[in-house]
Amino acid sequence: MTDDVMAEINTGLQLHISGDRVGAREKFAALWERIGEEGDPLHRCALAHYMADVRDDPADELAWDLRALAAADSLTDERAKEYHATLAVRGFYPSLHLNLAEDYRKLGDHESAKAQWELGRGTLGALGDDPYGAGIVQAYDALATRLGMEPDSPDFRAGR
């Protein structure tokens, strides 16, 4: 089944990847106007997740990442699988919590950053043994270092 909204979200993502942050932000904003706060949870989750990446203000980025998390909380595996048979909602959480942890770090709220880091590390089992999963794990390790969590500390090991 073709999902036109997800295709448009991907178009915006491609703009971002190619370096056109402004174009991507405009595309995402127009899509958000269409789907809104009550739209399809899959669309809201994906769109908010990517919109956060094209925000310049860390507080705006946090707001969009919180929208993505809220949408994931209302998303079902059945709906995710309608879009792609391999998707499971639990696989969304490692990236969502990682982004929130980074947002809080940027804002100087290291306690909230560490809390999101810990929540996210607890979800890493949902990731596949593939390059994407490995990249997320590496990003958690890098964020731990930025948060001042030494590899030998209990905080660091708790998530492994």
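Helix H6 is mostly covered, with twelve of its 14 residues buried, where buried means under 20% relative accessible area, exposed over 50% and partly exposed in between, for a 1.4 Å probe and protein chains only. The model is a predicted one, in which local features need pLDDT of at least 70 and side-chain atom pairs count only at pLDDT 80 or more, while totals for chains, interfaces and linings use all residues. Residues are numbered from 1 along each chain as its sequence is written, and side-chain values use heavy atoms, with hydrogens and water left out.

Among the buried residues of H6 are Tyr93, Pro94, His97, Glu102, Asp103 and Tyr104. The helix covers residues 93-106, and at 1.5 Å a residue its 14 residues should span 20 Å, which agrees with the 20 Å between its end C-alpha atoms; the expected span is 1.5 Å times one less than the number of residues. Helices here are DSSP runs of H or I with at least four residues, strands are runs of E with at least two, and both are numbered from the N terminus.

Just after H6, Gly108 takes a positive phi of about 85°. Leaving aside neighbours within four places in sequence, Arg90 is in contact with Asp77, Gly125 and Ala126; Arg90 and Asp77 are 13 residues apart in sequence and 8.4 Å apart in space, C-alpha to C-alpha.

Turning to the whole chain, there are nine helices and zero strands. The radius of gyration, 16 Å, is close to the 15 Å that the globule rule gives for 160 residues, so the chain is as compact as a globular protein of that length; the radius is taken over C-alpha atoms, and the rule is 2.2 Å times the number of residues to the power 0.38. Along its principal axes the C-alpha trace spans about 45 × 35 × 30 Å, and buried residues make up 45% of the 160 residues. Among contacts between residues at least 6 apart in sequence, 58% join residues at least 24 apart.

Definitions and conventions
Contact = heavy atoms within 4.5 Å.
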